[in-house]
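Here is a quick tour for anyone meeting this structure for the first time. Take a look at the model before reading on.

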Amino acid sequence: MRIATWNVNSVKARLPNILGWIRESAPDVLLLQELKGETDTFPRLEFEALGYKAAVVGQKAYNGVAILSRHELYDIVDHLPGDETDSQARYVEATVQGVRIASLYAPNGNPVDSAKYPYKLDWMKRLTAQATRLLENEQAVVLGGDFNVIPAEDDVYDPKGWEQDALFRPETRAAFRALLHLGYTDAFRALHPHQKQAYTFWDYQAGAWARDNGLRIDHFLLSPEAVDRLKVIHIDRAPRGLDKASDHTPVVVELA
DNA sequence: ATGGTTGTTCCACAA
């Protein structure tokens, strides 16, 4: 089973790019983030025409996540448990062919001296609680999406310059490591332990793409049952170089 | 230190 994740930065603005990429790459499952539109504006028919069903959680203007799948989606969960006052569309979870899969869009958290940073850390704590519950089923679990976390120095073009950023602060990295300590594996680092400049995001500003000033912030975390099936993972940089590109590019993982 | 870009929305805000 091949599963991809892609923060598309508006499904409406990106639709031709997304449809083109699906035709070339034909993943079994595609996790989308930053739909930037309400659930009922999601272009379901266009994806159905390519053979995909969809679990969609949208909201006006911001956030929004989805799971596209060639196979049936079961037991859809449409929000991250733990705070019923949180209405931001950042989490959707479903079972596909016995694999429990989440498409997540963690809060950015900047600026760190605003309420956004504690919200980010609290959200990560809730994700850790949910990830703990998912392990109890001893099932293959795949947590994929934009974690908005730079795990280590090798994952950013300028570690010093990003030291104080919400994506790289020690508390943020510790929150990410807490997921690993539960028993999840960063699939990319498991298969490519020393690869540098393996970025998944390049800012639109200041020629970041041309200079390869990137970040690795889109991840797949796998439960032990899923790691046992891990075959390959790669970052597909090509979509970032196209016209009307998202600032993120897809990551594709293959499980036996 | 500032400015650089993109998308959605309402006259900014988020990234």
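## Before you start

This is a predicted model, in which local features need pLDDT of at least 70, side-chain atom pairs count only at pLDDT 80 or more, and totals for chains, interfaces and linings use all residues. Residues are numbered from 1 along each chain as its sequence is written, while chains are lettered from A and ligands numbered from 1 in the order in which they are written.

Helices (H or I, at least four residues) and strands (E, at least two) are DSSP runs, numbered from the N terminus. Two strands count as paired if DSSP finds at least two bridges between them.

## The sheet with β8

One open sheet has six strands with mixed pairing, and their order is β5-β6-β7-β8-β12-β9. At its edges sit β5 (74-77) and β9 (185-186), each pairing on one side only. Start from the β5 end: β5 runs antiparallel to strand β6 (residues 91-96), with two bridges joining them. Here Y74 is found opposite T95 of β6.

Now move to strand β8 (residues 141-146), which is mostly covered: six of its six residues are buried (20 or more other C-beta atoms lie within 10 Å of a buried residue's own, with C-beta atoms placed from the backbone). On one flank, β8 runs parallel to strand β7 (residues 99-105) through six bridges. β8 also pairs with strand β12 (residues 218-222), this time antiparallel and over five bridges. G145 of β8 is a handy landmark: L104 stands opposite it, and in β12 its bridge partner is H219.

β13 pairs with strand β14 (residues 251-255) in the antiparallel sense over five bridges, and V232 lies opposite E254 of β14.

## Around the DNA

How many residues surround DNA strand B? There are 15, and the closest are S10, K12, A61, N108 and Y204; to be near, a residue needs its C-beta atom, placed from the backbone, within 6 Å of the strand.

The surface near DNA strand B has six nonpolar, five charged and four polar residues. Ala, Val, Leu, Ile, Met, Phe, Trp, Tyr, Cys and Pro count as nonpolar, Asp, Glu, Lys and Arg as charged, and the others, Gly among them, as polar.

Methods: A residue is buried if 20 or more other C-beta atoms lie within 10 Å of its own, exposed if 12 or fewer, and partly exposed in between; C-beta atoms are placed from the backbone.
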